[in-house]
Amino acid sequence: MAEGSEARKEITMKRVVLMINCILLATGATGGPLVIRLYFIHGGSRVWISSFLQAAGFPIILIPLFISYIIRRRSIVDSSKLKIITMKLPLFVASAILGILTGLDNYLYSYGVARLPVSTSTLIVASQLAFTAIFGFFMVKQKFTPYSVNAIVLLTLAAGILALNTKGDRPAGESSKTYMMGFALTIIAAILYGFILPLVELVYKKTKQPITYSLVLEIQVVMCFFASLFCIVGMFINNDLKVISTEGRHFGLGEATYYVILVVSAMVWQINFLGAIGVIFCASSLLSGIVIALMVPVTEVLAIVFYKETFKAEKGVSVVLSIWGFVSYFYGEFKQAREFERNHTIGNELSQKISSVDP
């Protein structure tokens with residue numbers, strides 16, 4: 001009975017942590033594109049700076065890491081053997097490679113957001129779900145249920161409906177060549193991000209040390225550090241560091257607001273990243289992709305509210321399909337969890353009957 005109670009507590013705690021990370025991911029996936037678009041709408045033009053901001057907020061992760069260290073130190077008798085950093089070299093190398101790939105993906109994404117309207121660039125976020133499902137199937141043997149397949153189809157269809165709204169949406173003054181380049185790079189970004197999510201899950205499974213949430217935070221710090229480093233190199237090559245002050249002075253909303261947007265952007269994207277790897281840790285890369293895809297029509301609606309974009313019928317249908325797909329996935333997870341608990345209870349009852357019969 002005690003073991004069953006402990007198991008239920010562990011499952012409940014994991015669900016709470018999963019829900020918190022889903023909220024973090026939803027917040028970042030919605031706020032990130034809006035803030036970055038605000039930067040470009042009002043005079044920002046540096047793609048490498050925007051890419052850098054998507055990973056540069058990682059120092060704030062040091063706060064929960066320090067708190068985790070204090071908790072671990074108080075919970076053991078011999079604190080002298082406790083290490084501040086638990087990550088081993090093979091995991092560090094894997095995290096560094098993931099970070100460089102993330103930096104490249106950040107650049108591709110920022111280039112697309114700079115050249116395309118929100119209704120088009122959000123396809124980056126939505127279409128990655130199909131690629132996440134495909135790569136997840138081959139890389140981590142992702143298991144599919146009728147409910148998860150239904151969710152993937154509905155959310156991908158929602159993204160496709162949004163694509164119907166992109167015809168003739170090329171911004172004024174932008175050449176056809178630049179527009180097509182932005183569109184092509186957004187597709188590549190979607191494919192790469194769909195590859196990165198299951199790759200993170202694969203690293204979790206293949207590492208030879210126990211994966212704790214504290215270690216997950218360490219992985220995020222290393223990934224974001226190398227992603228930032230990748231973008232800093234690009235900023236130096238493009239001379240972006242020399243023009244930040246000039247861009248700030250000529251920013252449409254004022255110089256002070258310019259720097260506020262840069263800071264807020266870094267924080268929001270870090271929340272997004274923290275939520276993504278947290279969801280992968282608690283559940284799977286597929287669920288992470290589903291939460292991101294769900295937020296695409298929400299971002300569309302918020303763009304209508306804040307940026308006065310038009311709300312057409314396609315966007316309304318997309319919102320309904322996304323909610324339907326999200327509910328479908330979680331209904332399937334709920335049924336699976338109930339089935340697991342029922343089988344676990346039956347197993348315990350059988351064990352008790354057998355033990356009572358034995359002399």
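Analyst: H10 and H11 cross in a right-handed sense. This is a predicted model. H10 covers residues 255–282, and H11 covers residues 285–307. Their axes come within 7 Å and cross at roughly 140 degrees. Angles over 145 degrees would count as roughly antiparallel. The angle here therefore makes H10 oblique to H11.

Which residues make the contact between H10 and H11? From H10 come Ala276, Val279 and Ile280. From H11 come Ser285, Leu287 and Ser288. By class, the residues of this contact are 4 nonpolar and 2 polar, with no charged ones.

Ala276 sits in helix H10. Is Ala276 buried or exposed? Its relative accessible area is 1%. The cut-off for buried is under 20%. Ala276 is therefore buried. Set aside its neighbours within four places in sequence, and Ala276 is in contact with Leu25, Tyr193 and Ser288. Ser288 belongs to H11 and is part of the helix contact described above. Leu25 lies 251 residues from Ala276 along the chain. Even so, the C-alpha atoms of Leu25 and Ala276 are separated by 5.6 Å.

Now the other pair, H4 and H8. H4 runs over residues 89–115. H8 runs over residues 213–237 and has 25 residues. From its first C-alpha to its last, H8 reaches 36 Å. That is close to the 36 Å expected at 1.5 Å a residue. Just after H8, Asn239 takes a positive phi of about 60 degrees.

The axes of H4 and H8 come within 7 Å and cross at roughly 45 degrees. Roughly parallel would need an angle under 35 degrees. H4 is therefore oblique to H8. The crossing of H4 past H8 is right-handed.

What does each helix bring to this contact? H4 supplies Leu91, Phe92, Ser95, Ala96, Leu98, Gly99, Ile100, Thr102, Gly103 and Leu104. H8 supplies Leu215, Ile219, Val222, Met223, Phe226, Ala227, Phe230 and Cys231. By class, the contact of H4 with H8 holds 14 nonpolar and 4 polar residues, and no charged ones.

The H10 and H11 axes come within 7 Å, and the H4 and H8 axes come within 7 Å. The angles are roughly 140 degrees for H10 with H11 and roughly 45 degrees for H4 with H8. The H10 and H11 contact has no charged residues, and the H4 and H8 contact has no charged residues.

Methods:
Residues are numbered from 1 along each chain as its sequence is written. This is a predicted model: local features need pLDDT of at least 70, side-chain atom pairs count only at pLDDT 80 or more; totals for chains, interfaces and linings use all residues. Side-chain values use heavy atoms; hydrogens and water are left out. Helices (H or I, at least four residues) and strands (E, at least two) are DSSP runs, numbered from the N terminus. The expected span of a helix is 1.5 Å times one less than its number of residues. Axes are lines fitted to C-alpha atoms, for helices over the stretch in contact, and angles run from 0 to 180 degrees between N-to-C directions. Angles under 35 degrees count as roughly parallel, over 145 as roughly antiparallel, 65 to 115 as roughly perpendicular and the rest as oblique. A crossing is left-handed if the near helix is turned anticlockwise from the far one by less than a right angle, and right-handed if clockwise. Contact means heavy atoms within 4.5 Å. Ala, Val, Leu, Ile, Met, Phe, Trp, Tyr, Cys and Pro count as nonpolar, Asp, Glu, Lys and Arg as charged, and the others, Gly among them, as polar. Buried means under 20% relative accessible area, exposed over 50%, partly exposed in between (1.4 Å probe, protein chains only).
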